[in-house]
Amino acid sequence: MAAVAAGNGAFREEEGTGGDAAAPQPHAPTSAPGARLSRLPLARVKALVKADPDVTLAGQEAIFILARAAELFVETIAKDAYCCAQQGKRKTLQRRDLDNAIEAVDEFAFLEGTLD
């Protein structure tokens, strides 16, 4: 069996014939020309990074990684807040859903008291 990168970035096991030549090689997914890798504007992220007096230089790779991390963070907290809204039989997120998600998930403990 060989591990092959699936389209969503996860690895999956694939049956092979046993030969190295027949094993599929993992490769990066191709994107259409003009497709954005980041949904956040990198210029804004760079401006936020430069606003920190402790940062003197920030490379483009670092800016991209910070933008991607911010996207994943927002996605995660939004999904958890939506779960809280669903428990209340609603489809619309409210501030109290964010508060509930922050209280319920240990990883968001650093945010407690920030929405007051």
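**Exercise 1.** Find which residues of helix 2 meet helix 3, and work out how the two helices cross.

*Solution.* Start with the contacts (heavy atoms within 4.5 Å). From helix 2 come Ile 77, Asp 80, Ala 81, Cys 84 and Ala 85; their partners in helix 3 are Asp 97, Leu 98, Asn 100, Ala 101 and Ile 102. Sorted by class, this contact holds seven nonpolar, one polar and two charged residues. (Ala, Val, Leu, Ile, Met, Phe, Trp, Tyr, Cys and Pro count as nonpolar, Asp, Glu, Lys and Arg as charged, and the others, Gly among them, as polar.)

Next, take the axes, which are lines fitted to C-alpha atoms over the stretch in contact, with angles from 0 to 180 degrees between N-to-C directions. Those of helix 2 (residues 60-87) and helix 3 (residues 95-104) come within 8 Å and cross at roughly 110°. Helices here are DSSP runs (H or I, at least four residues), numbered from the N terminus. The pair is therefore roughly perpendicular (65 to 115 degrees).

A note on the model: it is predicted, so local features need pLDDT of at least 70 and side-chain atom pairs 80 or more, while totals for chains, interfaces and linings use all residues. Residues are numbered from 1 along each chain as its sequence is written, and side-chain values use heavy atoms, without hydrogens and water.

**Exercise 2.** Locate the salt bridge of Asp 97 and classify both partners by burial.

*Solution.* Look for a Lys or Arg side-chain nitrogen within 4 Å of an Asp or Glu carboxyl oxygen. Arg 90 pairs with Asp 97 at 2.7 Å, N to O. Now check accessibility (buried is under 20% relative accessible area, with a 1.4 Å probe and protein chains only). Arg 90, at 19%, is buried, and Asp 97, at 0%, is buried too.

Methods. Angles under 35 degrees count as roughly parallel, over 145 as roughly antiparallel, 65 to 115 as roughly perpendicular and the rest as oblique. Buried means under 20% relative accessible area, exposed over 50%, partly exposed in between (1.4 Å probe, protein chains only).
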